[in-house]
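Here are my notes on this model. Please read them with the structure open.

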Amino acid sequence: AVVAPSRSRRGAAAMALSPYVQAMQELFRANTRSREFPAHGAKVHSVAWSCCGRRLASGSFDKTASVFLLEKDRLVKENNYRGHGDSVDQLCWHPSNPDLFVTASGDKTIRIWDVRTTKCIATVNTKGENINICWSPDGQTIAVGNKDDVVTFIDAKTHRSKAEEQFKFEVNEISWNNDNNMFFLTNGNGCINILSYPELKPIQSINAHPSNCICIKFDPMGKYFATGSADALVSLWDVDELVCVRCFSRLDWPVRTLSFSHDGKMLASASEDHFIDIAEVETGEKLWEVQCESPTFTVAWHPKRPLLAFACDDKDGKYDSSREAGTVKLFGLPNDS
């Protein structure tokens, strides 16, 4: 007797899908294919779109970065960027200049690249093995975090260090808020630490998750940010109130990566589960799931259209070892392309 109402409630919820969800589901049904594009000789750690969406960059364990041009319905490899002496763990683009991107590597350097010259325009030495990097929304500063929990703030014009902070906890992902006046870190104790910027004075520490808080992303509209944790939950936070408004709980493994769609209405999250969860932000409803054959390390929505780039752990003893490692994947392309 208990089961029937919950079933009918679920049915009612399914019938009451928002027009946005219905429209996106219809679109994805016509664009279900995930296309693969060879990018690297080893697993891809990070993918990111340029601000205009014309290019996609990827960073890999093979010590290189690759840049693709997005043509009508495919990625065309434009260049491979060599120079790092160790794995490229994360990369990001300048927030408003579509020609510049920066890579963070375990070789204790970051490198800034210009796609017009295909050259490294700056190599900045850092104190440790770098794992996280982000560019401030105003384009003036690059923050890089290393394995020793030091975050270094680098002037994007002079390429010199402006500030350095050593933290007493495990620093995972780092990010400015969209207004550029606060700096956020997720940490190994499940907290979100918020510092004022540029003063870097602690404002607040939020107990967000019972276990390691791994990743953080701000939505393009400036309304929410999301965090992903080792507890397999994604939590959505109101930027102004700093309160959790809802959780997404469809994954079973630690949440490694998050991305908001360009309109702020969809949130993609991924883990070692063999699918990427796409949720409607305002309701938490499952909008779609993208099937994968192995764990997903990185996801990135296109800045102007519903197209998701991602990369998986293609080659591993646990999976089909005949598959090539180092591919970048796109979901949302037309089925007949």
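This is a predicted model: local features need pLDDT of at least 70, side-chain atom pairs count only at pLDDT 80 or more; totals for chains, interfaces and linings use all residues.

The points below take up a helix, a loop residue, the annotated repeats and the cysteines.

1. Helix 2, length. Helix 2 covers residues 19-30, 12 residues in total. From its first C-alpha to its last it reaches 17 Å. That is close to the 16 Å expected at 1.5 Å a residue.

2. Helix 2, buried side. Five names matter here: Tyr-20, Val-21, Met-24, Gln-25 and Phe-28 are the buried residues of helix 2. They cover an arc of only 125 degrees around the axis, so they sit on the same side of helix 2. Pro-19, Glu-26 and Arg-29 are on the other side, and they are exposed.

3. Helix 2, cover. What lies over the buried residues of helix 2? The cover includes strand 23 (266-270), strand 24 (275-280) and strand 25 (286-291). It also includes strand 26 (296-301) and strand 28 (327-333).

4. Asn-31. This residue lies in the loop between helix 2 and strand 1 (33-38). Is Asn-31 buried or exposed? Its relative accessible area is 10%, under the 20% cut-off, so Asn-31 is buried. A polar atom of the Asn-31 side chain lies 2.5 Å from the backbone oxygen of Leu-27. Leaving aside residues up to four places away in sequence, Asn-31 touches Phe-331, Gly-332, Leu-333, Pro-334 and Asn-335.

5. In the model, residues 81-123 are 0% helix and 56% strand. The end C-alpha atoms of that span lie 13 Å apart. Residues 206-240 are 0% helix and 54% strand. Here the end C-alpha atoms lie 14 Å apart.

6. How many disulfides does the structure hold? The count is zero. Cys-134 is in no disulfide, and its nearest cysteine sulfur, that of Cys-92, is 6.6 Å away. Cys-134 counts as buried, at 10% relative accessibility.

7. Cys-213. A disulfide needs the two sulfur atoms within 2.5 Å. Cys-213 is buried too, with a relative accessible area of 0%.

Key. Residues are numbered from 1 along each chain as its sequence is written. Side-chain values use heavy atoms; hydrogens and water are left out. Helices (H or I, at least four residues) and strands (E, at least two) are DSSP runs, numbered from the N terminus. The expected span of a helix is 1.5 Å times one less than its number of residues. Buried means under 20% relative accessible area, exposed over 50%, partly exposed in between (1.4 Å probe, protein chains only). The arc is that of the directions from the helix axis to the C-beta atoms. Contact means heavy atoms within 4.5 Å. A polar contact is a pair of N or O atoms within 3.5 Å; within protein, one must be able to donate a hydrogen and the other to accept it, and residues adjacent in sequence count only if both atoms are side-chain atoms.
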